[in-house]
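Here is a short report for a first look at one model. Keep the sequence and the 3D view open while reading.

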Amino acid sequence: NGFTLKFLNKARADRDFSLSLVGLPEAARLTVQGTDLEAVARATLPAIPDGVTSYHVFVTIPGDDLTRSALDFQFQVETTEGESVSHGSVFRGPDQ
């Protein structure tokens, strides 16, 4: 499944955001287009100062770990300063 994620960095300096998945099987993996991050459980993504940085993220789950055709989950984002936010989404299996 592909998703476009946008990170708003209101600081006047570069910031890193840590992205992970909550509510999916442990075998779920992230691949971030345009980076070296491929099939990882957690991704650290830089964001430009005083602006919005967009990433196209692919979430994969091996077929044996896909228990239903649609799974609710959360993208969990944390900053190096300890701030955290999550956003709900749905992973759709091949028959959706």
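The sections below cover the basis of the model, a sheet, its aromatic pairs and one serine.

## Basis of the model

This is a predicted model, in which local features need pLDDT of at least 70, side-chain atom pairs count only at pLDDT 80 or more, and totals for chains, interfaces and linings use all residues. Residues are numbered from 1 along each chain as its sequence is written, and side-chain values use heavy atoms, with hydrogens and water left out.

## The open sheet

The order β1-β5-β3 describes an open sheet of 3 strands with antiparallel pairing. Strands (E, at least two residues) are DSSP runs, numbered from the N terminus. Two strands pair if DSSP finds at least two bridges between them. The edges are β1 and β3 (29-32). Each has a single partner strand, so one side of each is left without a neighbour in the sheet. On average, neighbouring strands of this sheet are turned by 40° against each other, direction ignored. Axes here are lines fitted to C-alpha atoms, and angles between N-to-C directions run from 0 to 180 degrees.

β1 and β5 run antiparallel and are joined by 8 bridges. In this pairing, F7 stands opposite T53 in β5.

## Aromatic pairs

The whole structure holds 5 aromatic pairs. Rings of Phe, Tyr and Trp (its six-membered ring) pair if their centres lie within 6.5 Å; planes under 30 degrees apart count as stacked, over 60 as edge-to-face and the rest as tilted. The ring centres of F7 and F17 are 5.2 Å apart. Their planes stand at 35°, so this pair is tilted. F7 lies in strand β1 (residues 2-9) and F17 in strand β2, so the pair ties together parts that are 10 residues apart in sequence. F7 is buried at 6% relative accessibility, and F17 is buried with a relative accessible area of 6%. Buried means under 20% relative accessible area, exposed over 50%, partly exposed in between (1.4 Å probe, protein chains only).

F7 also pairs with Y55. Their ring centres are 5.9 Å apart and their planes at 75°, so the pair is edge-to-face. Y55 lies in strand β5 (residues 51-60) and F7 in strand β1, so this pair ties together parts that are 48 residues apart in sequence. Both F7 and Y55 are buried. Elsewhere, F3, F73 and F75 form one aromatic cluster.

## S20 and its contacts

S20 sits in strand β2 (residues 15-22). S20 is buried, with a relative accessible area of 9%. Leaving out residues up to four places away in sequence, S20 touches L30, A41, R42, Q74, F75 and Q76. Contact means heavy atoms within 4.5 Å.

Key. Helix = DSSP H or I, 4+ residues; strand = E, 2+ residues; numbered from the N terminus.
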